[in-house]
Amino acid sequence: MVEFFLNTVKPHFNFWVYVILMMIGLWSLIAKNNLIKKMMGLAIFQSAIILFYVSIGVKDGATIPVLEHYGDYAEKAVPAGPDVSATESSPAPAASNPADAFANPVPHVLMLTAIVVGVATLGVALALCEMIFKEFDTLEEDELLRKIKALHDDA
Amino acid sequence: MILSFDIIILIFLIVAAIISLNVKDLLSSAMIFGIYGFLICLLWAEMGAVDVAFTEATVGAGVSTVLFIATILNTRRRSSD
Amino acid sequence: MNPKIFASIAVVITGIVLLYGIADFPTFGDPRSPANSGVEGGAPSTSLYYINESYGDTKVPNLVTSVLADYRGYDTMFETVVVFAAGIAIFAILRCVGKDDGAVISAPTKNSIDGDHNRIIVGMTCRIAVPVVQIFALYVVAHGHHSPGGGFQGGVMLGASFILIALAGNLDDALGRFSEKSYMALASLGILIYAGFGVLPQVLGKNFLDYGVLQKILLTDGPEMARSHSMLGVEIGVALTVMSIMFAIFANLSSRGTLKGGL
Amino acid sequence: MLEQLPAVILLAPLFGALLVGLLGLRDRRACFPVAFASLLIALASAIGAGMRAFTGGAYDYFIGGWEEPLGIGIVLRIDTLNGLVLIAIAVVAVLALIFTIRPSSEKDEGKTAYFYILFLLLCVGLFGITITGDAFNLFVLVEVSALTSYGLVAIGSSRRCKMAAFHYLLMGTVGASFYLLGVGYLYLKTGSLNMQDINTILATNAVVSESPGVTTAFILILVGIWIKMAFFPLYGWLPNAYSYCPSGSACLLAPLMTKVSVYVMIRVMLSVFGLEWVFGHPGWSDLVVWLAVIAILAGSIMALAQREIKRMLCYLIVAEIGYMVGGAWLNDPNLWGLTGAFYHILADAMMTLCLFLTAGIFFKYKGISEIADLDGIFKKMPLTSIGFVIGALAMIGVPPTCGFFSKFYLIRGGIEGGQWEYVAALLISSLVNAVLFFRIFEIAYFGKKPAEGHDHEHNHEHEHNHEHEHEHEAPAQTTLPAREAPLSALIPLLAAAALILLVGIFNGQIVELIRVAFEIPSTLVSNLR
């Protein structure tokens with residue numbers, strides 16, 4: 001058990017947690033009865049995906065992707081450009097690759113977008129919840145389906 | 001990135017997620033969801049994604065929670081699950 | 001079928017598929033992983049390119065800002081459009097002009113514990129806090145080049161300051177400062193600014209969002225500074241849209257689309 | 001200036017939407033002209049951009065001028081395939097827009113402007129999805145189109161459309177999230193987001209292309225797109241969302257949303273993973289074709305059971321999606337299945353537009369939503385009926401229409417690929433469509449048998465009107481004298497009918513254009529076998 005944890009889970013701990021969070025979100029998305037609870041499940045589901053992406057970009061011992069936080073790297077980096085791409089293709093990369101000092105910025109950029117998309121979706125969903133409550137006076141899915149079915153039978 | 005810090009926050013995250021989904025009072029649930037948002041914001045900061053952390057703090061923990069509360073106050077506070 | 005059983009089945013299947021994919025992931029935090037330094041056979045790693053070259057290209061030390069607003073500016077423009085579309089969708093769903101649905105919507109009675117004294121304290125605190133929040137938000141927008149922050153974060157904070165007014169006082173106060181007409185106009189204006197910075201280079205004969213050519217208009221020394229300044233302009237556009245829409249979403253949700261009373 | 005056209009396609013409706021936001025809220029009469037003008041510009045530039053690809057081959061448009069190294073910026077890629085889809089989207093959008101020219105609602109003034117803004121932004125999203133060459137950018141644009149379509153479904157004031165929109169939102173968000181996750185897995189394994197770059201890596205680097213992570217990525221992306229397009233087990237949201245939303249929205253959503261998702265699936269199979277990789281996994285093709293067979297049969301059978309016109313058409317869409325997914329996965333040596341599936345995207349967009357326009361006209365001007373009430377409509381509305389008959393014949397697959405040719409190519413693919421169950425399902429489904437539509441023709445032409453009882457019918461209509469009291473578009477009185485629909489409804493309908501015939505007659509040229517894009521992969525697949 002401990003060995004399994006150390007060998008399999010620990011090197012990918014973030015990824016395991018993302019799967020767990022995502023499953024919590026997906027389960028409550030399907031199984032919860034209250035529409036607002038469903039939306040919380042959806043929000044957790046989306047944050048799990050963000051956790052996955054951000055975990056991709058992490059580098060051991062790296063700092064945040066803002067150049068000034070690394071002394072005068074910004075000035076040094078420009079001439080060092082061609083050398084870096086040369087070391088990248090070699091089989092044993094030099095430990096002193098200056099790019100290793102910064103986390104990968106790409107997942108961060110992508111996830112900024114995803115977070116904003118998430119909150120936009122949440123807003124639309126909550127607006128729909130309010131309208132559904134106004135029409136049917138409940139937010140429990142089973143009651144809603146019953147009332148809609150009654151509406152259908154009337155027609 | 002500090003691995004022990006990372007593991008502790010992630011475990012707290014799972015706990016916060018489960019609690020917020022299982023509290024029957026939706027207002028409390030929304031508040032715990034806010035806690036979840038701040039924990040995840042802490043996690044991003046710890047993983048070096050400061051911009052994501054900043055956005056999460058304003059959007060995820062701030063505005064989302066306010067929107068949830070606005071909706072819950074306009075609908076019903078109790079839920080069946 | 002019972003949704004709980006169905007949910008469990010769906011969750012187990014998805015979980016197995018996801019864990020199957022995890023098995024051969026690179027170790028967490030490995031700087032040599034494909035995402036962080038590319039793989040053989042493909043183009044050179046974009047991540048390394050951004051870290052090594054973006055300061056030379058744009059003179060913006062915050063890599064996230066330069067990638068967000070310049071290299072992947074097209075994404076960011078549509079992200080702003082997503083926010084705008086969400087706002088419009090919410091208005092379309094909730095907004096009811098002049099139709100007073102008295103039966104359902106009644107101005108919620110104020111809590112009995114929330115007496116006048118508390119309102120004075122909250123109101124005064126708010127009065128002090130809001131300008132500070134707004135100044136900080138503007139700083140976040142403007143300083144996004146050098147530190148974490150940028151249009152989204154600043155825009156959400158500006159929106160939050162108006163939400164704070166609405167929460168502490170009432171919605172009419174906040175709407176008096178930021179009316180429906182002005183938030184619609186500002187939201188459109190924000191995207192117009194962003195898309196405008198994209199179209200101007202087209203007029204000057206380059207591709208969409210190619211800020212470098214704007215040095216002729218912005219009178220900067222070299223295309224790098226033109227890119228840097230254009231990014232600031234773009235961030236301001238994003239901030240305007242996000243601010244207006246965030247406040248508008250709250251205003252509509254809290255008053256069920258009547259824009260009266262509020263919480 | 002011509003090389004700027006790919007960006008103009010997106011920018012025209014975007015600026016149109018902003019202009020409607022600024023002007024239309026003050027004066028709703030400004031909405032339609034602005035929207036119409038911007039969509040016409042988009043149509044013209046789509047044709048321009050498409051023609052350039054048809055004559056000169058595929059080309060790239062680098063946003064921001066970031067060309068080197070590949071993938072640092074976002075690239076728009078236009079080839080013959082998306083040239084065709086672009087033109088189809090623009091044509092459908094323009095025709096659907098003309099149909100909305102007379103909003104019958106007198107109340108809720110602001111909603112007209114919101115409707116047009118959402119309409120235009122949806123077009124922006126669909127155009128963007130079609131031409132983007134970046135896997136993550138596709139997600140953002142999918143969300144643009146998704147959020148606007150939730151708004152368009154929920155904008156009606158019928159009681160049930162809100163719940164339908166909520167389910168649509170849940171399913172749509174889960175689908176988009178799965179897609180995003182799949183792109184994340186791909187990014188983790190390849191370090192790239194550019195479709196072309198990913199394709200090169202998967203083709204050249206065997207270590208990456210055979211890893212479980214890439215397989216998982218493909219499964220996640222595929223499941224995400226299937227949810228978006230309402231493929232068989234995941235179709236639950238579609239019938240409610242499309243049948244309870246206002247007719248104006250339905251005419252735009254039904255022909256385009258699912259078809260663009262099918263296009264995305266073909267794009268992912270073709271340009272991201274590559275056909276060689278996809279069909280290199282034994283068993284996948286058979287599995288998906290069987291799923292498609294079930295989708296076709298289930299969709300057809302459920303369509304038979306419906307009483308309402310719109311719901312029947314929705315289940316037919318489910319069956320048509322089965323055609324396209326199955327066709328794309330046939331894996332026949334000459335790729336006739338994939339060709340047929342792609343041709344069917346265009347054909348089905350026109351057919352669905354035509355039929356939903358008819359359903360919209362019947363509902364909007366006659367207050368009819370049930371098949372049984374169509375009673376003698378051919379005499380009352382002869383021109384509408386012509387459009388309806390052409391759409392129905394195309395759906396059945398009668399020769400000069402495009403429906404026949406797409407089925408011809410699909411069946412050819414099925415026979416050459418040896419997937420007989422798919423051929424059988426196609427034929428059964430055509431038969432079911434024939435039964436369905438000839439039943440409607442009979443009611444509409446001869447009227448109902450007197451034995452059915454007039455009382456019952458009147459009762460029915462009465463209740464029916466009562467139910468739709470809350471609808472955004474109040475249906476006209478059912479007792480109106482025999483009167484043809486106005487020109488604003490007839491023009492798009494007859495244009496759609498003409499397009500069905502044109503796409504059918506010029507099928508040879510269109511198929512040639514489609515196969516230009518498949519040329520290289522088709523040799524690879526035939527070598528494999």
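Chain C contains 11 helices and zero strands. The model described here is predicted. Read from the N terminus, the elements of chain C follow the order α-α-α-α-α-α-α-α-α-α-α. The C-alpha trace of chain C spans about 65 × 60 × 35 Å along its principal axes. The radius of gyration of chain C is 24 Å, whereas a compact globule of 263 residues would have a value near 18 Å. Of the 263 residues in this chain, 58% count as buried. Among the contacts in chain C with a separation of 6 or more, 66% are made by residues 24 or more positions apart.

Helix 11 of chain C comprises residues 223-254, 32 residues in total. From its first C-alpha to its last, helix 11 reaches 46 Å, close to the 46 Å expected at 1.5 Å a residue. This helix is mostly covered, with 27 of its 32 residues buried. Just after helix 11 of chain C comes Arg256(C), which takes a positive phi of about 55°.

The contact between chain C and chain D involves 52 residues of chain C and 62 residues of chain D. On the chain C side, the elements that give two or more residues are helix 1 (3-22), helix 2 (34-37), helix 3 (46-58), helix 4 (63-71), helix 5 (73-94) and helix 9 (180-203). Helix 5 of chain C gives the most to this side, with 14 residues. By class, the side of chain C that touches chain D consists of 32 nonpolar, 11 polar and nine charged residues. Chain C is also in contact with chain B, through 17 residues of chain C and 15 residues of chain B. On the side of chain B that touches chain C, nine residues are nonpolar, five are polar and one is charged.

The largest nonpolar core has 400 residues. Those with the most contacts inside this core are Leu128(A), Val82(C), Leu118(D) and Met350(D). When neighbours within four places in sequence are left aside, Met350(D) is in contact with Cys402(D), Ala496(D), Leu499(D), Ile500(D) and Val503(D).

Two further residues, one in chain B and one in chain D, were examined individually. Leu21(B) belongs to helix 1 of chain B, which covers residues 3-22. Because 23 other C-beta atoms lie within 10 Å, Leu21(B) is buried; the cut-off for this class is 20 or more. Apart from neighbours within four places in sequence, Leu21(B) is in contact with Ile24(A), Ser28(A), Lys37(A), Met40(A) and Gly41(A). Leu21(B) and Ile69(B) are 48 residues apart in sequence, and their C-alpha atoms are 15 Å apart in space.

Ile443(D) is located in helix 19 of chain D, residues 420-446. Ile443(D) counts as partly exposed because it has 19 C-beta neighbours inside 10 Å, and a residue is buried if 20 or more such atoms are present.

Conventions: Residues numbered from 1 in each chain as written. Chains lettered and ligands numbered in written order. Predicted model: local features only at pLDDT ≥ 70, side-chain atom pairs only at ≥ 80, totals over all residues. Contact = placed C-beta atoms within 7 Å. Helix = DSSP H or I, 4+ residues; strand = E, 2+ residues; numbered from the N terminus. Nonpolar A, V, L, I, M, F, W, Y, C, P; charged D, E, K, R; others polar. Buried ≥ 20, exposed ≤ 12 C-beta atoms within 10 Å, placed from the backbone. Core = buried A, V, L, I, M, F, W, Y, C linked by C-beta atoms within 7 Å. Expected span 1.5 Å × (residues − 1). Rg over C-alpha atoms; globule rule 2.2 N^0.38 Å.
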